[in-house]
Amino acid sequence: LDIVSCTETKQLFVADESRDSTRSVWRVSLDGRQVVKWLPNKSTTTSQFTPNTLSVTSRRLLVTSYNELLLYGADGVELKRVPLPDTKTSLEHAVETSRGTFIVSHRDPQPRVCEVNVAGHVTRVYCDQQQLSAPVYLSLDSVGRIFVADNYNHRVLLLNSETLELE
């Protein structure tokens, strides 16, 4: 389902769905010699662990799940759970900003990119339907600009991190 790498821990994290529809996150050393089923583990506090997409900030793994964001430390311990307000939308991906907020993309019913605080409250929204069709993946650069992979329009949009508007 997804794969990310952490340059600090020199590991890959892979979100996977098995044949029996069980979802897991695997931790893989960059040389491929160590492969460990990392999540769910004893610290996972949700009964239905459904990782969709992943992102890494510093030494933390952000898991985008059905209707919440799950933040884990390098040791696999859950650090934070961020409930998202609208569970009727198609949550696609999320990244953590240097300010400690989260940029989240939704595809259906209305495509949009939102900034969400640690309590799960939406603080800003970008939802120009003329420009945005299916924001499926996000990335931040070193100055915090937001890159949005817009699947149906076959392009990448660049949003200003301060205004959440097109650059």
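View A. At a relative accessibility of 54%, Lys 10 counts as exposed (exposed means over 50% relative accessible area, buried under 20%, and partly exposed in between, with a 1.4 Å probe and protein chains only). Please keep in mind that this is a predicted model, in which local features need pLDDT of at least 70, side-chain atom pairs count only at pLDDT 80 or more, and totals for chains, interfaces and linings use all residues. Residues are numbered from 1 along each chain as its sequence is written, and side-chain values use heavy atoms, with hydrogens and water left out. Lys 10 sits in the loop between strand 1 (2-6) and strand 2 (11-17); strands (E, at least two residues) and helices (H or I, at least four) are DSSP runs, numbered from the N terminus. Although Lys 10 is not a glycine, its phi is positive, at about 55°.

**View B. Gln 34 in the loop between strand 3 and strand 4.** Strand 3 covers 23-29 and strand 4 covers 35-39, with Gln 34 in the loop between them. Gln 34 counts as exposed because its relative accessibility is 53%. Apart from neighbours within four places in sequence, Gln 34 is in contact with Arg 27, Val 28 and Ser 29 (contact means heavy atoms within 4.5 Å).

**View C. The cis peptide bond at Pro 40.** Leu 39 and Pro 40 are joined by a cis peptide bond, with omega at about 0°. Pro 40 belongs to the loop between strand 4 and strand 5.

View D. Strand 5 (residues 53-57) and strand 6 (residues 60-64) run antiparallel and are joined by 5 bridges. Together, strand 5 and strand 6 make a hairpin with 2 residues between them, and Ser 58 in the turn has a positive phi of about 55°.

View E. Val 56 has its place in strand 5, and its bridge partner in strand 6 is Leu 61. With a relative accessibility of 26%, Val 56 counts as partly exposed. Beyond its neighbours within four places in sequence, Val 56 is in contact with Val 4, Ser 5, Cys 6, Phe 13 and Leu 61. A search of the whole structure finds 1 cavity of 30 Å³ or more (on a 1 Å grid over the protein atoms alone, a cavity is a set of points where a 1.4 Å probe fits but cannot get out, and lining residues have an atom within 4 Å of a point). The largest cavity has a volume of about 50 Å³, a volume being the space filled by probe spheres set on the points, which are joined across faces, edges and corners. Among the residues that line the largest cavity are Cys 6, Phe 13, Val 56 and Leu 61.

**View F. Strand 11 and strand 12, a hairpin.** Joined by 4 bridges, strand 11 (residues 112-116) and strand 12 (residues 122-126) run antiparallel. Val 113 stands opposite Tyr 126 in strand 12. The hairpin has 5 residues between its strands, and Gly 120 in the turn shows a positive phi of about 90°.

View G. Pro 135 stands opposite Asp 150 in strand 14. In the loop between strand 14 and strand 15 you will find His 154, which counts as exposed at 72% relative accessibility.

Technical notes. Two strands pair if DSSP finds at least two bridges between them. On a 1 Å grid over the protein atoms alone, a cavity is a set of points where a 1.4 Å probe fits but cannot get out, and a pocket is an open set with protein on both sides within 12 Å along at least five of seven lines; lining residues have an atom within 4 Å of a point.
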